[in-house]
Amino acid sequence: MTDIVHAPTAPIAEPALPPPPPNEAAGTAPAPDALVEIGDGDTWTTVCRYGDLTPGRGVTALVGGEQVALFRDAAGALYALDNRDPFSGAYVISRGVTGSRAGTPVVTSPMYKQAFDLRTGDCLDDDNAPAALRTWPVRTTGPATLPPPPRPAPPRARTLTEWRPEDPAFWERVGARIARRNLWLSVLTEHIGFSIWSMWSVLVLFLGPEYGIDPAGKFTLAAVPTAVGAALRLPYTAAVGRFGGRNWTVVSALLLLLPTAFVAVVLEPGVSYSTLLVAAAVAGVGGGNFASSMANINAFYPQRLKGRALGINAGGGNLGVPAVQLVGLLILATAGAAHPRLLPLIYLPLIALTAVVAALRMDNVPTTRETGHALREITRDRHTWVMSLLYLGTFGSFIGFGFAFGLVLQAQFHDQLDTPVKVACLTVLGPLLGSLARPFGGAWADRHGGARVTLATFAAMTAGTALILTASRLHLPALFLGAFAALFVLSGIGNGSTYRMIPALHRAKARDRALTGGADPAATEAAAHRRATALIGLAGAIGAFGGVLVNVAFRQSFLTFHNGDAAYLAFLAFYVACSALTWIVYLRPSRHRLSGV
């Protein structure tokens with residue numbers, strides 16, 4: 001992992017002098033408090049202390065608006081090169097592995113593994129390299145004039161007095177430890193939230209003939225919490241900035257007690273359908289937890305680590321869907337379908353424990369309340385609605401199928417799957433595969449481009465839906481299950497790739513504004529980050545409504561035709577439309593095409 005180092009002081013203007021050799025530190029190692037400065041020919045910019053650099057590891061310094069990879073080798077020598085890999089175009093050189101080749105100090109790019117001479121920037125593995133890496137003069141001066149490193153927040157502090165994750169010294173001393181603690185506690189609370197949100201995908205399997213609810217009514221019960229959760233995602237996102245991440249995590253966790261306790265009390269034969277609808281609607285609060293959790297963790301991590309941290313957070317939350325389905329399966333296999341109350345009763349102490357741990361161990365970070373302004377800005381951008389529609393197709397499919405899969409199996413193949421236990425055994429498989437596939441979608445998007453991976457995903461989802469339709473019409477359970485499992489995996493991959501496209505497109509737009517309009521690169525980058533964060537929240541809310549549409553489509557299809565074929569045809573047409581939209585907006589050759597998306 002690498003650090004992004006922002007220059008803490010203004011550039012020190014000096015007369016242009018011949019730059020020192022890049023390895024001037026190779027003799028006597030400077031004092032840890034000596035300042036490391038990078039020159040651009042006219043000025044020297046202070047970037048960090050010498051002691052902040054870890055031997056053999058690179059950091060990224062922003063010098064005059066350009067990314068510079070700064071290295072300190074095992075002998076103490078300093079080297080500064082362009083951070084952009086000339087083969088891939090990615091800014092990753094600072095993540096490379098340092099070493100030596102025949103006495104030449106080298107860094108190996110993490111992309112395609114070419115080795116570059118740290119002294120000259122020349123590529124040692126490819127004579128046809130697009131270009132050598134630019135080298136920058138680097139020196140040390142002293143004594144240090146930077147402010148002393150910040151002290152950690154008191155152990156019992158509820159709100160951190162300062163939070164500067166982009167400062168490498170701060171991050172190494174206290175930031176990484178605090179961020180990791182908050183990340184894992186956030187994963188835990190979001191995981192429980194997803195379980196409560198999707199609990200009705202399991203509870204409907206317990207509703208036998210004694211409840212008097214037909215398949216259409218069960219699809220409605222599964223759709224209601226999806227709709228409420230989607231509607232709550234925007235206010236939950238804003239709540240983090242208004243009340244603090246820790247505070248809102250505790251409140252949102254305690255709110256999960258309401259639907260869980262309510263359904264534990266009312267769920268029994270003879271309960272009215274309207275009461276069950278209310279219970280299902282209240283469970284929607286679990287859907288809002290995803291948005292607030294993502295907004296909170298986004299504030300804890302530096303830009304270079306946001307993708308990984310948000311991926312862990314989202315993937316851990318998504319696993320709450322198969323987790324609650326697995327618990328439901330265990331109850332059906334042991335206690336039987338006559339005891340649905342056991343499911344919410346198991347989660348009640350887990351919710352209380354999660355809230356207590358969050359209150360004791362999580363932190364608030366100093367935040368700015370810019371969510372509303374950024375949301376207003378992005379609503380005027382066509383890419384906002386394009387990306388929201390694409391995420392509707394990926395996450396909407398994942399959460400919609402996750403809620404409805406058990407009911408579809410029960411209604412479509414009731415002769416072969418004649419007990420809730422048999423259905424539950426298969427229901428848990430799809431959401432589990434989709435949750436585990438999500439990080440791979442993001443990783444492949446990093447390597448090949450989010451738009452390309454998203455287009456391939458929608459094309460494959462079209463083919464998978466065609467197989468499902470064929471299996472449904474020919475009544476082939478094995479093919480039906482295999483194609484649906486593939487659809488879950490593909491939707492998980494699409495979740496990762498579409499979310500990866502959001503910051504990429506805003507970064508590309510910021511780069512274009514800086515190049516063509518002369519805007520300040522740092523200001524445009526900060527604005528792009530705010531807008532990308534706002535779009536992540538908005539797209540998440542709209543994408544969750546896809547789960548409602550999936551359940552409504554199944555409900556109407558089974559109500560009208562007594563099978564799911566009409567719904568499968570609708571899904572197939574939608575995936576074709578998403579494929580075409582991805583190609584037209586992000587991949588079709590055009591002078592307006594955004595590069596790097």
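Ala-102 is exposed, at a relative accessible area of 85% (exposed means over 50%, buried under 20% and partly exposed in between, with a 1.4 Å probe and protein chains only). The model is predicted: local features need pLDDT of at least 70, side-chain atom pairs count only at pLDDT 80 or more, and totals for chains, interfaces and linings use all residues. Residues are numbered from 1 along each chain as its sequence is written, and side-chain values use heavy atoms, without hydrogens and water.

The chain holds 18 helices and 11 strands (DSSP runs numbered from the N terminus; helices are H or I of at least four residues, strands E of at least two). Of its 597 residues, 53% are buried. Accessible surface totals about 24200 Å², and carbon and sulfur atoms supply 63% of that (Shrake-Rupley method, 1.4 Å probe; for residues, only the protein chains shown count as cover).

Ala-102 lies in the loop between β8 (97–101) and β9 (104–108). Its phi is near 55°, a positive value in a residue other than glycine. His-562 also has a positive phi, near 65°. This residue sits in the loop between α17 (521–561) and α18. His-562 is exposed, with a relative accessible area of 66%.

An α-helix has 3.6 residues a turn, so residues three or four places apart point the same way.
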